[in-house]
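Work through the exercises below with the model open. Try each task before reading its solution.

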Amino acid sequence: MTEYVHTADGTRIAYDRVGAGQPLVLVGGAGQFRAVDPDTGELVAELAARGFDVVVHDRPGRGDSGGEPPFGLAGELAAIRALLDLLGGQAWLYGSSSGGAIALAAAAGLPGVERLFLWEVPLDEEGGTAGAEALAAVRALAAAGDREGIWRLWTEGMPPEWFEAMRSGPQWPLFERMAPTLEADAEALAWTQSAPRAQLWAPVTAHAVVLLGAQTFPFMADAADSIVASLASAERVEVPGRDHRWEAAGLADVLAASLPVSGGSAGSRSS
């Protein structure tokens, strides 16, 4: 059942909360929110069965959440802060794809992030300009009202059938509506190139598990290596998955392996 929490500036954030145990907030990537994302729904169920109190939210401007453009990284962090407060001030974060960059920014800027799990964060080279250029392009398209153009830009370099399936599918109006929120994803990725990563991520005290699918795109391995090398405490872990998609049970097993032997926090909440 959908529940709601409000950020400090009053933006309403919609979320589902399932399970009991270790609090875990899922931070979706570019095309992920509850109405269009059955893969994350499957992952939530697998995690709840393994001892997690899982929160999955619609990021600002997506699904049932509020928010008005322009959408930026600050709004994403405000939403995560509200969810952390909801969970008693401390939780683990799982960030998927560009949501992993948002999760990294949250761990660097917010108190209470105890552990990070990062699924295939699509980073360009450290110190490069590709992120800033993509952010400028997304902002220009958003200002022009070209929502399809935002998605075409975002999916450049990916298998072309990904965009075509989205554009021709029945859920295209939902994706079209949330296209301006990709500015936040672009800003988070640009941030990862804005200074040396070890400097950017020096405030991160949470241990990070950097996750890769067993058959992923080659550049994702380079990105994962950069994250591991730049954080004070991190490890790279391979899980079942291919082409940037995970296998839910296998991924849940990896996250659950980090729980204490007792099964995690003593939370008593159940769905």
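## Exercises on a pocket and a helix

The lining of the largest pocket holds 27 nonpolar, 14 polar and 6 charged residues. The model is predicted.

**Exercise 1.** State the volume of the largest pocket and find which residues lie nearest its centre.

*Solution.* 
- Step 1: the volume is about 1400 Å³.
- Step 2: 47 residues line the largest pocket.
- Step 3: nearest its centre lie Ala 30, Trp 154, Met 158, Trp 162 and His 244.

**Exercise 2.** Find which element gives the largest share of the lining of the largest pocket.

*Solution.* 
- Step 1: list elements that each supply at least two lining residues; among them are helix 1 (38-48), helix 4 (130-143), helix 10 (218-230) and strand 9 (245-246).
- Step 2: helix 4 gives the largest share, with 4 residues.

**Exercise 3.** Compare the reach of helix 4 with the span expected at 1.5 Å a residue.

*Solution.* 
- Step 1: helix 4 has 14 residues.
- Step 2: from first C-alpha to last, helix 4 reaches 20 Å, close to the expected 20 Å.
- Step 3: just past the end of helix 4, Gly 145 has a positive phi of about 75 degrees.

How values were computed:
Residues numbered from 1 in each chain as written. Predicted model: local features only at pLDDT ≥ 70, side-chain atom pairs only at ≥ 80, totals over all residues. Heavy atoms only, no water. 1 Å grid on protein atoms, 1.4 Å probe; cavity = no way out; pocket = protein on both sides within 12 Å on 5 of 7 lines; lining within 4 Å. Points joined across faces, edges and corners; volume = space filled by probe spheres on them. Nonpolar A, V, L, I, M, F, W, Y, C, P; charged D, E, K, R; others polar. Expected span 1.5 Å × (residues − 1).
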